[in-house]
Amino acid sequence: MSFAQVSGNSKRKSEKHGQAAKKLCSNERTEHEISLSSLPKSMVHLGDGLFVAVNTFQKETRVHIRLYSTDDNGFLHPTKEGVSLKPEVWSSVLLSLRTFPALTEPDAVTVAKKDVCIFNETGNTQMCVSLQILFQRKDNSFHLVPERIILRGVQIERLWDSYNRIFTCVKSSLLAYTLKERVNFEIRKYPVDENLDGWDADTPQGFEELRDSLCKCLLDFISRKISVLSKSECIDCKQGFLFNTDAHDCVSFSKKQNFDAYFEKAHYYVEWDVLAAKFVKLNIHRPFLRWFQDDLFTEMDTVKFFSKIEEMYLNETPDVSLSCFDL
């Protein structure tokens, strides 16, 4: 997609609005016409009618493990039988399942992130568990809610195998949807500067500056969180070993090792509201922010974007030379 196309769409507001409405209708129709032979990248079949999928709703990104029914035309429809998980809870559930003693402890129960109870339902040599959502009351007590799903044998294995694909979709969704919604909300807090109405949207530098600024803002959050995690999860520090600190993991690990070990968790704990507010505050006086507030995210190549985040972290440089967008 050329830059001229991007800027042209930005100028033609009414035309763009009409196109967006048509696109929305098309997307809604497509979502209702998912079949087993045409699954989106964000959806993985676990066996029978069970699927894991990344979903977005009301500024939030969730991972669903849910049963789907099939209509007479072969199209899939979600049922009420399933669980909706925050990304960090989904990751914790997968980690807990890998060490869950299903075959050795018949009454085994564990809790993931105070959000999900994992119950052992194994009746023979095939591992079987149920996941049920926990709800915390105002008095800090917990109770189980009806949201529940059962996983059996190969379904659990496929859930593990789906990790990389689902995590890639989660990363993209948190950036291109969750952050986008918050950025647009923050922009609306500021009055429109009439002095910027005559700005020429055909100037490409504005788009690149916003991309670079977003990259640096996210890197700042990720970098600081990785630093905190590397110290808080250092085994030697936890055990109180105060001597020979150079041998501690938090000191001896290379930046690459720290990034590989803690990036996922750091990404989950980004405060997206705070990040959006910071990014908008830094750029609100740039005339191109309002022009590109949607295109900045819809035209983003998230794979390149996160590759650049890693490169910047490892090299400790704020410069962004790699294009994170297909223009």
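Colleague: What makes the set of 74 residues a nonpolar core?

Modeller: A nonpolar core is a set of buried residues of the nonpolar kinds joined through side-chain atoms within 4.5 Å, and the largest such set here has 74 residues, with Ile65, Leu97, Leu151 and Leu218 having the most contacts inside it. Helix α6 (residues 205-232) supplies the largest share of this core, eleven residues, and at least three residues come from each of domain 1 (43-157) and domain 2 (203-315). Apart from it lies another core, of six residues, including Ile34, Met43, Tyr68 and Leu76.

Colleague: Why should residues 1-31 be read with caution?

Modeller: The pLDDT is the predictor's confidence on a scale from 0 to 100, and over residues 1-31 it stays under 50, although the model has 32 contacts for them beyond four places in sequence. Residues 318-327 also have a pLDDT below 50, with 35 contacts beyond near neighbours in sequence. Where pLDDT is low, the predicted coordinates should not be read in detail. The chain as a whole averages 82, and 77% of the residues score at least 70.

Colleague: What makes Ser91 and Glu264 lining residues of the second largest pocket?

Modeller: A lining residue has an atom within 4 Å of a pocket point, and Ser91 and Glu264 are among the 19 residues that line this pocket. Its volume is about 420 Å³, and α9 gives the most to its lining, eight residues.

Technical notes. Residues are numbered from 1 along each chain as its sequence is written. This is a predicted model: local features need pLDDT of at least 70, side-chain atom pairs count only at pLDDT 80 or more; totals for chains, interfaces and linings use all residues. Side-chain values use heavy atoms; hydrogens and water are left out. Buried means under 20% relative accessible area, exposed over 50%, partly exposed in between (1.4 Å probe, protein chains only). Helices (H or I, at least four residues) and strands (E, at least two) are DSSP runs, numbered from the N terminus. Domain bounds come from an automatic or database domain assignment. Contact means heavy atoms within 4.5 Å. On a 1 Å grid over the protein atoms alone, a cavity is a set of points where a 1.4 Å probe fits but cannot get out, and a pocket is an open set with protein on both sides within 12 Å along at least five of seven lines; lining residues have an atom within 4 Å of a point. Grid points are joined across faces, edges and corners, and a volume is the space filled by probe spheres set on the points.
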